Amino acid sequence: MNTKEAIKASIGMSQMISSGYLEDLSDQEMLHRPHPECNHIKWQLGHLIASENQMIDACIPGSMPKLPDGFAEKYSRESATSDDDNSFHSKSELMELFQQTRAATLAALEGCSDSDLDNPAPEALKSYAPDWGTAFVLQDSHWTMHAGQWAVIRRQLGRPPLF
């Protein structure tokens, strides 16, 4: 297994976990907060899509699909406290944007050589992703971190454990 295959496998595992946790949740259930100071899944999902899109496009400009106008702002820290379902995209819209974003991420990874993964990340990412390889690896860990929160929400909603 080479570096790109390892990164792709890691991203695939987090996608399997995330998709499993989201599959049977309704739009309304995705607004559930496990604690008043925690973010609901709809906001987190938009945040993850916007983050992935921004990180990969910062490293490889033009590699990511354009998100709807105002998307990143809709899922910013300032909007995280909103429980208004009309303030967010529907689950189906979010899942479609996720699929488009993830396909572009994997295509961008495929287009990289092993040495490209050592390229320094743009200055705005360097505090958490010093190089392109780390930016790709973060697509696994960032999604998996949030999916761990979704496991708690699922249990609070009466769902059995999946993994």
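In this predicted model, Asp24 and Arg159 form a salt bridge, with 3.1 Å between the closest N and O atoms. The pair joins distant parts of the chain. Asp24 sits in the loop between α1 and α2, and Arg159 in the segment after α5, 135 residues apart. Asp24 is partly exposed, at a relative accessible area of 38%. Arg159 is buried, at 15%. The contact extends into a network of salt bridges that links Asp24, Glu29, Arg154 and Arg159. In total, the structure holds eight salt bridges.

Lys42 takes part in two further pairings, with Asp27 and with Asp85. Lys42 belongs to helix α2. Its relative accessibility is 1%, so Lys42 counts as buried, the limit being under 20%. The side chains of Asp27 and Lys42 meet at 2.6 Å, N to O. Asp27 is partly exposed, with a relative accessible area of 26%.

Between Asp85 and Lys42, the closest N and O atoms are 2.4 Å apart. Asp85 lies in the loop between α3 (71–74) and α4, so the pair ties together parts that are 43 residues apart in sequence. Asp85 is partly exposed, with a relative accessible area of 28%. Residues up to four places away in sequence aside, Lys42 touches both aspartates, Asp27 and Asp85. Lys42 also touches Met30, Leu31, Tyr75, Phe88, His89, Ser90, Lys91 and Leu94.

Attention now turns to the nonpolar interior. In soluble globular proteins, nonpolar side chains tend to be buried together. Here, the largest nonpolar core comprises 25 residues. Within this core, Leu22, Ile41, Leu45, Ile49, Phe71, Trp143 and Trp150 touch the most other members. Four helices each supply at least two residues of the core: α1 (3–22), α2 (41–59), α4 (91–110) and α5 (132–156). Helix α2 gives the most, with six residues.

Phe71 is one of the members touching the most others. Leaving aside neighbours within four places in sequence, Phe71 is in contact with Gly46, Ile49, Ala50, His89, Leu94 and Leu97.

Terms used: Residues are numbered from 1 along each chain as its sequence is written. This is a predicted model: local features need pLDDT of at least 70, side-chain atom pairs count only at pLDDT 80 or more; totals for chains, interfaces and linings use all residues. Side-chain values use heavy atoms; hydrogens and water are left out. A nonpolar core is a set of buried Ala, Val, Leu, Ile, Met, Phe, Trp, Tyr and Cys residues joined through side-chain atoms within 4.5 Å. Buried means under 20% relative accessible area, exposed over 50%, partly exposed in between (1.4 Å probe, protein chains only). Contact means heavy atoms within 4.5 Å. A salt bridge is a side-chain nitrogen of Lys or Arg within 4 Å of a carboxyl oxygen of Asp or Glu.
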